[in-house]
Structure formats: C-alpha cells, structure tokens
Amino acid sequence: GIYNGSDPGSQYPKAVAGSTYLQKLFQGHFDAAGLAHTPTPFNGRSDYGPFLENGIPAGGMDTGAEVLKSVELRKVFGG
C-alpha cells in the first residue's frame, strides 16, 4: 500500500501537505502504469515516525508482509 499522507490524525499538521504531495506522487505513478494500489495508514511500524513527529513530511510504500491478504485484496492483487 501507499502511505496515506493526507490523514491528519496520524501526523503533525504541518507535515500533512508535504506527506499528501508524496502520496499523490506514488499514486500517480501506479495509476499511470495501470497498477492497483491501496492506502496504508502511518502506523508507527517504520522509521518515518520521528520525522512526522517533528513536522517533516514522509511517504512511501508498505508491502503488507506481516498479514495475509484478505479475499478482497486477493481479487485486486492476485494471490
């Protein structure tokens, strides 16, 4: 999934605009390539936490490797 940078509840307000910009960059790339994607919340499971806590925008992707895909996600991504 692509980290949801537009969610103000998961970061300090001054980071939202930049994080949203990064999110849209990733979404645009995947959309242009015809690839499926889903939003992923910033959940503190990576090294972006200290950046967001200090108002520094962050973005990126999550592989979702720690859980099995749901039936719905298998329909979208295969597997």
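Let's start with Tyr-21, which is exposed, with a relative accessible area of 55%. For the burial words, buried means under 20% relative accessible area, exposed over 50%, and partly exposed in between, with a 1.4 Å probe and protein chains only. Tyr-21 sits in helix H1, residues 13-32. Its C-alpha atom is separated by 8.6 Å from that of Gly-59, 38 residues apart along the chain.

A quick word on what we are looking at. This is a predicted model, where local features need pLDDT of at least 70 and side-chain atom pairs count only at pLDDT 80 or more, while totals for chains, interfaces and linings use all residues. Residues are numbered from 1 along each chain as its sequence is written, and side-chain values use heavy atoms, with hydrogens and water left out.

Now the overall picture. The protein chain has three helices and two strands, in the order β-α-β-α-α from the N terminus. Helices (H or I, at least four residues) and strands (E, at least two) are DSSP runs, numbered from the N terminus. Taken along the principal axes, the C-alpha atoms fill a box of roughly 40 × 30 × 15 Å. Of the 79 residues, 25% count as buried. A contact means heavy atoms within 4.5 Å. Among contacts with a separation of 6 or more, 64% come from residues 24 or more positions apart.

What makes up the largest nonpolar core? Six residues do: Tyr-3, Ala-15, Phe-42, Tyr-48, Leu-52 and Ala-58. Such a core is a set of buried Ala, Val, Leu, Ile, Met, Phe, Trp, Tyr and Cys residues joined through side-chain atoms within 4.5 Å. Leaving aside residues up to four places away in sequence, Ala-58 touches Ser-19, Leu-22, Phe-42, Tyr-48 and Leu-52.

On to the rings. The structure holds three aromatic pairs. One of them joins Tyr-3 and Tyr-48, edge-to-face, at 5.1 Å centre to centre with 65° between the planes. Why does this pair tie together parts that are 45 residues apart in sequence? Because Tyr-3 lies in strand E1, residues 2-3, and Tyr-48 in the loop between E2 and H2. For the cut-offs, rings of Phe, Tyr and Trp (its six-membered ring) pair if their centres lie within 6.5 Å; planes under 30 degrees apart count as stacked, over 60 as edge-to-face and the rest as tilted. Tyr-3 and Tyr-48 are both buried, and together with Phe-42 they form one aromatic cluster.

Next, two buried neighbours. Thr-40, in strand E2, is buried, with a relative accessible area of 11%. Not counting residues up to four places away in sequence, Thr-40 touches Gly-1, Ile-2, Tyr-3, Asn-4 and Asp-62. Asp-62 belongs to the loop between H2 and helix H3 (71-77). Is Asp-62 buried or exposed? Asp-62 counts as buried, because its relative accessibility is 17%.

Last stop, Asn-43. You will find Asn-43 in the loop between strand E2 (39-40) and helix H2 (49-53). Asn-43 is partly exposed, with a relative accessible area of 42%. Asn-43 and Tyr-3 are 40 residues apart in sequence, and 9.3 Å apart in space from C-alpha to C-alpha. Thanks, everyone!
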